[in-house]
Amino acid sequence: MEKSIKNDILKLGGSFLIVILFATIGSLATFSQIPTWYANLIRPEWAPPNWVFPVVWTTLYILMALALFLVWRKGLETKQVKMAVTVFLVQLVLNSTWSVVFFGLHSLGGGVAIIILLWISIMANIIIFYRISKLAGILLLPYIIWVTIASYLNYTVYILNP
C-alpha cells in the first residue's frame, strides 16, 4: 500500500477515534439523565423529541471527524493546520463539557455559559477549517446550525426552570 494512502487511512481512523472519545464522554453524562432529570424539566413546545438528538449528534460527529481528517491530511507541519486542529480540539472539549455541566451537574445556567463559548469556538473552527479546506469548513455548517438551535433550547429551558 502506498505510504500516503496508509497515512490517510491512519489519519481518518484517528479523526474518528478522537471524535468518538469526546462523544463518549458527553454521552456518559447525558444518557442516564434523559429519562430522569431531563424528563422532569419544563421544555418549550417546540423542543425536538428525544429520539432526534442521537440521530442528529451521530450525523454531526461523523461530519466533524471527516472535517478534521480533511484538515489533518494537509499536514501538521504547518502552523495553520496546527492552529486549526487546536481550535477543533477546543470546541470538542467544550462540546463534552457542556454535556457534563448541563446533564451531569444539572446546571442550566452553566450550560448556557458553556454553549455560548461552544458556539463561538465552532464559528472560529468553521472559519479556520474553511481557509485550509473549503469542504472541511462546509461540513461543520450543520453543526453550527444545530448548536444555534440547542443554544436557544438551553436558554429557554433555563428560563422555564428557575
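**A walk through six helices**

Select His106: it counts as partly exposed, at 35% relative accessibility. The cut-offs explain the label: under 20% would be buried and over 50% would be exposed. Keep in mind that this is a predicted model. His106 sits in the loop between α3 and α4. Look at its backbone too. The phi angle of His106 is near 55 degrees, a positive value in a residue other than glycine.

**Step back: the whole chain**

Read from the N terminus, the order of elements is α-α-α-α-α-α.

The chain exposes about 8900 Å². Carbon and sulfur atoms supply 73% of that area. Of the 162 residues, 46% count as buried.

**Go inside: the core**

Hide the surface and select Tyr38, Trp57, Met64, Val71, Phe102, Phe129 and Tyr143. They belong to the largest nonpolar core, which has 51 residues, and they touch the most other members. Which element gives the largest share of the core? The answer is α2, with 14 residues.

Zoom in on Trp57. Set aside its neighbours within four places in sequence. Trp57 is then in contact with Met64, Asn95, Tyr143, Trp146 and Val147.

**A buried asparagine**

Move to helix α4 and pick Asn125. Is Asn125 buried or exposed? Asn125 is buried, because its relative accessible area is 0%. Now find what surrounds it. Beyond its neighbours within four places in sequence, Asn125 contacts Ala84, Val87, Phe88, Gln91 and Leu140.

Select Arg73 and Asp8 and show their side chains. The two meet in a salt bridge, with 2.6 Å from N to O. The pair links distant parts of the chain, 65 residues apart. Arg73 lies in the loop between α2 and α3, while Asp8 lies in helix α1. Why can such a pair form? Side chains of opposite charge can pair when their charged atoms come close. Arg73 counts as partly exposed, since its relative accessibility is 40%. How many salt bridges does the count come to? It comes to one.

Bring the surface back. Select Trp46, Ile145, Ile149, Tyr152, Tyr155, Tyr158 and Ile159. Together they make a nonpolar surface patch of about 720 Å². Finish on one of them, Ile159. Its place is in helix α6. With a relative accessible area of 46%, Ile159 is partly exposed.

Terms used: Residues are numbered from 1 along each chain as its sequence is written. This is a predicted model: local features need pLDDT of at least 70, side-chain atom pairs count only at pLDDT 80 or more; totals for chains, interfaces and linings use all residues. Side-chain values use heavy atoms; hydrogens and water are left out. A nonpolar core is a set of buried Ala, Val, Leu, Ile, Met, Phe, Trp, Tyr and Cys residues joined through side-chain atoms within 4.5 Å. Buried means under 20% relative accessible area, exposed over 50%, partly exposed in between (1.4 Å probe, protein chains only). Helices (H or I, at least four residues) and strands (E, at least two) are DSSP runs, numbered from the N terminus. Contact means heavy atoms within 4.5 Å. Patches are made of residues with over 30% relative accessible area and no salt bridge: like charges are joined within 9 Å, nonpolar side chains (Val, Leu, Ile, Met, Phe, Trp, Tyr) within 5 Å. Accessible areas come from the Shrake-Rupley method with a 1.4 Å probe; for residues, only the protein chains shown count as cover. A salt bridge is a side-chain nitrogen of Lys or Arg within 4 Å of a carboxyl oxygen of Asp or Glu.
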